[in-house]
Amino acid sequence: MQSLLEVSSLSVSYGGVRAVRDCSLRVEEGEAVALLGPNGAGKSSTLRAIVGLVKSSGDVTFAQESITGLACEKIVSRGLTMVPEGRRLFPQLTIHENLMLGARDRRAGHEVYDDLLDRLPILAERRNQPAGTLSGGEQQQVAVARALMSRPRLLLIDEPSLGLAPTLVDRVYELLGELKAQGLSMLIVEQEVIRVLNFADRAYAMANGTIELSGTSEELKNSDDVKNFYLGTET
Amino acid sequence: MDAILTYVVNVISLGGTYALLALGLAVVFSVLRLINFAHGELMTLAGYTLLAGIVLGVPFWAAVIAAVVVGGIAAVIMETTAFRPVRNANPATLLMTSFAVAMLLQVIFQNFISARGQAVPVPSMFTGSIPIGNAQISIIQAISIVASLASLIVLKLFFDRSRWGWAIRAAADDFETVRLMGYRASRLIAVAFLISGLLAGIAGVLWVMQRGSVDPLMGLKPVLAAFVVVVIGGLGSLPGAVIGGYILAGIEIALQTWLPESFIPYRDALTFVLVVVVLSLFPNGLFGKRIAEKV
Ligand SMILES: Nc1ncnc2c1ncn2[C@@H]1O[C@H](COP(=O)(O)OP(=O)(O)OP(=O)(O)O)[C@@H](O)[C@H]1O
Ligand SMILES: [Mg+2]
């Protein structure tokens, strides 16, 4: 049995400059996997290459089928989507419009929307308000909800805690926890290393465009390299 | 009083046409960051289609529909043949491409149809005028007001209610994330061109009906006006394009009506001075936000 997502030897270049080199990773069905790394390590580039937003070389297999080189919209329609770094809501559009844009079609959209309404009261209260008027934490919840509108099997999430106060980060991870309990698989890029290692099953650590370390979250938490590198604690 | 009424009618009628043209430019600009200078030639093409329909003896309403549809289809063809190959090139290349397309079409009209204007015989039922108080509104002006307002309402519904409408509005801010929502870039751009072409078609029909003729360079002046409108309204702002259209018409017609005879030659120059004043007060246009870098 193959993994849900298998990335092998992925490389991304921007005008001759290599941002990702020979990166290989996998995500099993139902798993939450963390992708760590300092600024500029190539984490976002890796996620963007997986969903087909940037050109890459290497192989990507999703649900037993190759999605290498497919256009973004084809990949999304197969059940893999991303919550982009910085949320990227459409600020002029209402919350309702933002969410419905994420749906595959109107009918499917309304079904998922009704499910989400129960879980996120903010969607119900402020559905006709422009998304740009929400606070950062609310926007992150809406960004996750918008990605869920396409009923993905695997969600890539780029820095869900970016720019959020700790209590709001709690709220976002609470939501992710509920989704994980429902069986959604996820690959999370995160700079809040402790938080994400407490949440994820496994983790990869990236530096200078390559995967330097991998293991279970426990292993990485106890690794001296991770401690030195990301947690800033001397051992 | 009558002068005011006449003024208002003129402004709403001309402004409606400007608004349709400017919206066409703005819709394409939102998805492609391109000011399509060949937009005026879509109008001209619609004008010639209307003329061909009338000459061939097709019922007038059918000729009108054909003209509008030809505008829409021509815009999509223009996109796939001329703009798609240079889509990822820099904005200057796109702009030059649109100039080239405009000139190419002008030359084709001049060589294959005629360099001179052709009279477009509008059915006589449209030539009269309606008295309102002591003022007179021409039937064509009334039609142009109704048609432009109706088009604007339909367009508003499209942008407020339909998923493609939302996608185009969203793409104005962040095209990449719209792709992430599962929309195909090519289709989104084609839809934007289709809308802009249909709008150019409607504007072309109204323009030709008012002037009673069509010529190869007909699109030049109105598209320049529409460009000014888009800049006043704020590049990429759809409401700005509509309001800007009425503002520019308001300025132009006020100058035309009340400017002393000897100043008339400077009318266009004065219009542009006012535009410069507006832009120095509102550098991003009245409704513009700063244009984000295209990702
Ligand atoms: N569109 C682009 N054009 C050129 N270079 C880019 C582009 N996007 C990213 N890069 C470069 O690629 C490298 C990796 O960037 P990437 O955004 O993937 O890193 P990251 O790990 O997500 O960093 P951060 O933690 O700051 O988000 C960086 O050196 C960055 O400058
Ligand atoms: Mg990043």
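Before looking anything up, I wrote down that a residue is buried when its relative accessible area is under 20%, exposed when that is over 50%, and partly exposed in between, with a 1.4 Å probe and protein chains only. I also noted that helices (H or I, at least four residues) and strands (E, at least two) are DSSP runs numbered from the N terminus.

I kept in mind that this is a predicted model, in which local features need pLDDT of at least 70 and side-chain atom pairs count only at pLDDT 80 or more, while totals for chains, interfaces and linings use all residues. Residues are numbered from 1 along each chain as its sequence is written, chains are lettered from A and ligands numbered from 1 in the order in which they are written, and side-chain values use heavy atoms, with hydrogens and water left out.

**Helix H1 of chain A**

I looked up helix H1 (residues 43-50) of chain A and found that eight of its eight residues are buried, so the helix is largely enclosed by the rest of the structure. Among these buried residues I noted A:Lys43, A:Ser44 and A:Ser45, as well as A:Leu47 and A:Ile50. Just after H1(A), I found that A:Gly52 has a positive phi of about 85 degrees.

**Ligand 1**

For polar contacts with the ligand I looked for pairs of N or O atoms within 3.5 Å. A backbone N or O atom of A:Gly42 lies 2.9 Å from an oxygen atom of ligand 1, and a side-chain N or O atom of A:Glu85 is also 2.9 Å from a ligand oxygen. For the side chain of A:Glu159, the corresponding distance is 3.3 Å. The protein covers 57% of the 640 Å² of accessible area that ligand 1 has on its own, an area that comes from the Shrake-Rupley method with a 1.4 Å probe.

**Chain B**

Last, I looked up chain B, whose secondary structure comes to 11 helices and four strands. Its radius of gyration, taken over C-alpha atoms, is 19 Å, close to the 19 Å that the globule rule (2.2 Å times the number of residues to the power 0.38) gives for 295 residues, so chain B is as compact as a globular protein of that length. The C-alpha trace spans about 60 × 50 × 35 Å along its principal axes, and buried residues make up 52% of the 295 residues in chain B.

Conventions:
Polar contact = N/O pair within 3.5 Å; in protein donor to acceptor, adjacent residues only side chain to side chain.
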